[in-house]
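Reader: I'd like to learn how to read a model like this one, feature by feature. Could you walk me through it?

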Amino acid sequence: MAPSPPLLVTPGPVATSKAVRAAMALDRSAAEPGMIEALRQMQAQVGALVRMDAAYAVIPVPGSATQANEMVLRALPPPGAAVLIVTNGAYGDWLAHLCATMGRPHHVLRTPPLEPIRPERIARALEDDPAISHVAVVHVETSSGRLNPLPEIASLCRRLGRGLIVDAVASAAIVPLDVAHDRPEALVLSSNKGLQGPPGLAWVVAERAALERGRGFAASASLDLFDQHQHVERTGTFRFTPPTHVLCGVHAALEELAAEGFAARTARYGENWGAAAAILSGAGFPPLLRLPDAAPIVVTVALPEDGLAPAAVTEAMANRGYVLVPGRLAVPRTVRLGCIGALTPADTARAAAALAEVLRSGPIIA
Ligand SMILES: *Cc1c(COP(=O)(O)O)cnc(C)c1O
């Protein structure tokens with residue numbers, strides 16, 4: 001039977017629990033003591049999740065994670081210095097697009113989508129160009145599922161004295177993060193994805209000293225990360241009207257994460273991934289990447305040569321009660337089945353069975 005309402009099997013936004021949705025049904029003022037206390041608790045939970053120490057701050061930022069990425073790229077590299085964008089997929093490419101639109105000097109090191117980024121290539125690029133102050137990289141590339149070697153990249157940035165900016169949107173609560181060890185200047189997380197909250201909020205975990213150095217760099221009022229950081233530290237709330245309902249939902253989602261525990265959550269995602277991958281492999285659609293080369297966020301499979309167009313696959317899945325997101329692909333003519341969110345292995349197995357049926361059905365000849 002098709003799930004009703006339809007189930008999100010996407011890498012974001014993800015299916016949320018009833019409790020998370022219920023927590024958003026109240027109107028609250030951002031300045032209420034309860035809301036200020038809730039934000040403080042959320043900052044502590046996010047800090048613990050990424051294993052940060054006192055040299056770092058957790059900054060809540062309204063909007064999408066892309067906006068938070070932009071705020072970081074504005075806030076940290078000195079004006080005129082270049083950023084090395086290392087990319088093996090659509091989200092890495094998007095970081096380069098952000099730099100291009102804000103007029104930030106940058107170089108792009110593009111590597112093949114299904115392969116891991118090789119740290120020695122980054123080292124060579126940095127040794128060749130002292131004008132590069134920062135490296136920006138996506139930890140888990142959602143467009144393929146590829147897990148990139150963050151500890152190695154972080155270690156070489158420390159060795160070569162460059163700042164590191166990490167898009168960890170698809171890593172948080174999915175794969176381990178260790179800020180106190182890796183010492184990036186900034187890490188960007190979403191309220192959504194593995195945290196299982198509603199979309200509409202992002203978190204920046206940033207080194208306090210790096211924020212101070214970047215005071216005045218933003219060249220934007222609404223995208224000024226330093227200003228938001230200072231305001232939240234001083235008042236316990238946002239500069240402008242915060243997404244209060246979203247904050248309540250994220251608070252409930254973080255409570256659920258604390259109750260489930262990081263180890264159990266990541267194990268569940270692994271089981272969700274395994275259940276879907278087994279069914280798709282059995283039907284002749286093996287995943288392009290397997291764990292642990294991929295993180296358990298999406299199972300990516302190739303569309304059959306003579307099969308349905310990607311848009312038709314999405315439509316046929318929607319008719320069966322499963323919502324996929326088309327586009328944002330690292331490899332053309334692939335489809336991604338999401339494994340994160342308030343889903344169980346039974347959910348992803350049923351979604352995978354529906355997808356296998358759709359992929360086998362071939363194009364409809366009118
Ligand atoms: C989803 C995602 C983003 C973008 O998040 P938005 O909230 O849609 O802006 C960025 N990077 C990665 C790795 C993602 O998975």
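**Peptide bonds and the backbone**

Author: Let's start with Pro5, which sits in the segment before strand S1 (7–8); helices (H or I, at least four residues) and strands (E, at least two) are DSSP runs, numbered from the N terminus. This is a predicted model, where local features need pLDDT of at least 70 and side-chain atom pairs count only at pLDDT 80 or more, while totals for chains, interfaces and linings use all residues. Residues are numbered from 1 along each chain as its sequence is written, and side-chain values use heavy atoms, with hydrogens and water left out.

Reader: Which peptide bond joins Ser4 and Pro5, cis or trans?

Author: Most peptide bonds are trans. The one between Ser4 and Pro5 is cis, with omega about -5°. Gly12 and Pro13 are also joined by a cis bond, with omega about -5°, and Pro13 belongs to the loop between S1 and helix H1 (18–23).

Reader: Is Arg51 buried or exposed?

Author: Buried means under 20% relative accessible area, exposed over 50%, and partly exposed in between (1.4 Å probe, protein chains only). Arg51 has 56%, so it counts as exposed. Gln196 is at 3%, so that one is buried. While you're at Arg51, look across to Leu177: they are 126 residues apart in sequence and 6.7 Å apart in space, C-alpha to C-alpha.

Reader: How many residues of helix H3 (residues 65–75) are buried?

Author: Nine of the eleven, so H3 is largely enclosed by the rest of the structure. Among the buried ones are Ala65, Asn69, Glu70 and Arg74.

Reader: Now a single side chain: what does His139 make a polar contact with?

Author: A polar contact is a pair of N or O atoms within 3.5 Å; within protein, one must be able to donate a hydrogen and the other to accept it, and residues adjacent in sequence count only if both atoms are side-chain atoms. Here the His139 side chain contacts that of Ser171 at 2.9 Å. His139 lies in the loop between strand S5 (132–138) and strand S6 (140–141), and it's buried, with a relative accessible area of 5%.

Reader: Which residues are around the ligand?

Author: A residue is near a molecule or strand if one of its heavy atoms lies within 4 Å of it. Around the ligand you'll find, among them, Ser64, Tyr91, Val138 and Lys193.
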